[in-house]
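Student: I've got a model open and want to talk about its aromatic rings. Can you walk me through them?

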Amino acid sequence: MLLGLLAWTVAASASSCSFIQGNWYCSETSEVVYTGLGGVPGTYQRVTNMDADSCTCTKSAQPFSGPLSPLDEDLSIHFRGPISLKQLAVYNLATITTVAHRKRDQAVYTLPPPISMLTTPATQSTTSTATTTSTTMTSTSPSAAAVTSTSTVWQRSSYYNSASGTSDNLVFLNNMGGVNGSGTWSSCFGNSLSYASVDGQGAAAQPQVLGDVTLPSNTEFSVFSAEACTSATCGYVSPGVPAYVGFSGANKLFLMEFSMPSDPSKIGTFNGDMPAVWMLNGQIPRSQQYGACSCWQTGCGELDLFEVLSGGLDYATTTLHTYSGGGAGSSNYFARPTQGTLKAAVLFTAATSQISIIVLPQSTTFDATFAQNIATTWSTTDITNVAIVS
């Protein structure tokens with residue numbers, strides 16, 4: 001993972017907190033809400049060229065502004081083992097138009113029977129019985145104008161389910177470029193992105209659907225949409241790199257289900273037993289995720305959602321890395337799902353300039369649509385608020 005200077009909002013030295021292996025841990029929480037995002041326009045350095053012959057990385061200033069900027073730009077989602085991803089869904093706000101037709105009004109008319117059936121001709125000498133009948137007819141008035149209504153909902157745009165092998169509008173990548181004909185490698189910039197193999201531990205020549213697997217410690221994969229990059233959608237991408245668009249927009253919703261089983265044999269090794277889930281500005285992995293040739297150093301955006309900072313711990317923390325090396329985080333923590341799975345929502349809301357990370361009930365299903373205000377039913381009373389320090 002990438003680390004930066006943090007401005008912690010919890011008084012970590014409080015008596016209720018514990019200092020463990022270099023980090024403070026206070027109380028378990030089920031929801032963290034970041035507030036005060038995007039209040040100040042800024043600029044980061046965007047990569048515009050990577051010359052592997054001269055080891056030159058060229059950058060230019062990229063301004064940003066807006067309620068959640070620069071995290072309103074396309075984001076990639078990253079997972080580090082030990083972890084098992086069970087479900088992942090991405091949603092965007094969509095306007096649904098419904099046309100309702102009123103039921104037509106009906107008028108009922110009863111016609112009298114013909115006169116000939118009510119009287120007997122005078123010249124008729126025989127007696128006859130006249131049967132009185134009537135005919136009922138209906139008349140339909142023209143239908144009233146159709147009633148049109150619109151509503152805004154969260155509409156699912158991408159979905160993955162490990163059990164069924166379902167993958168819709170998603171691509172799985174890792175950083176093993178130059179292996180198995182996927183991506184590139186250079187002595188200057190190392191391994192680029194590559195297609196991840198089914199087990200997530202190797203590279204593949206073509207896109208693969210991640211299997212129902214558990215990744216070991218210090219193994220990573222990333223998730224993008226299945227939309228291939230163009231210069232218009234992603235900017236500069238080094239030739240030969242499998243580059244895809246992430247998940248953009250100031251309003252977006254992510255649902256995920258995963259487990260973080262213990263890996264005791266790896267405790268004490270590099271990233272051993274330290275699972276994590278985080279998001280990056282998509283430009284970072286498309287250039288150089290672990291190196292200086294990316295926009296990360298100048299603050300284009302990283303959000304750590306669930307990160308175990310030390311092997312053997314059952315605490316997963318969250319941190320937001322913002323521009324100019326600053327950021328915010330909390331010493332409160334989520335319970336690491338070592339047994340069973342954790343379901344969570346990550347909600348970006350432009351109107352309130354907030355990002356919410358919410359632990360969901362296990363009964364939550366990843367439906368095709370949700371009401372726009374669904375988060376009100378998910379929100380808990382155990383909320384940790386984190387204010388962004390500009």
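**Rings and charges**

Tutor: Let's start with a charge: the charged end of lysine 252 sits over the ring of phenylalanine 348, 5.1 Å from the ring's centre. That label needs NZ of Lys or CZ of Arg within 6 Å of the ring centre and within 35 degrees of the ring normal. Keep in mind that this is a predicted model, where local features need pLDDT of at least 70, side-chain atom pairs count only at pLDDT 80 or more, and totals for chains, interfaces and linings use all residues. Residues are numbered from 1 along each chain as its sequence is written, and side-chain values use heavy atoms, with hydrogens and water left out.

Student: Which ring does arginine 156 lie over?

Tutor: Here the distance from the ring centre is 4.5 Å. The face under arginine 156 belongs to tyrosine 159.

Student: What kind of aromatic pair do tyrosine 25 and tyrosine 333 form?

Tutor: Rings of Phe, Tyr and Trp (its six-membered ring) pair if their centres lie within 6.5 Å; planes under 30 degrees apart are stacked, over 60 edge-to-face, and the rest tilted. These two are 6.4 Å apart centre to centre, with 70° between the planes. So the pair of tyrosine 25 and tyrosine 333 is edge-to-face.

Student: And is phenylalanine 172 buried or exposed?

Tutor: Buried means under 20% relative accessible area, exposed over 50%, and partly exposed in between (1.4 Å probe, protein chains only). Phenylalanine 172 has a relative accessible area of 2%, so phenylalanine 172 is buried.
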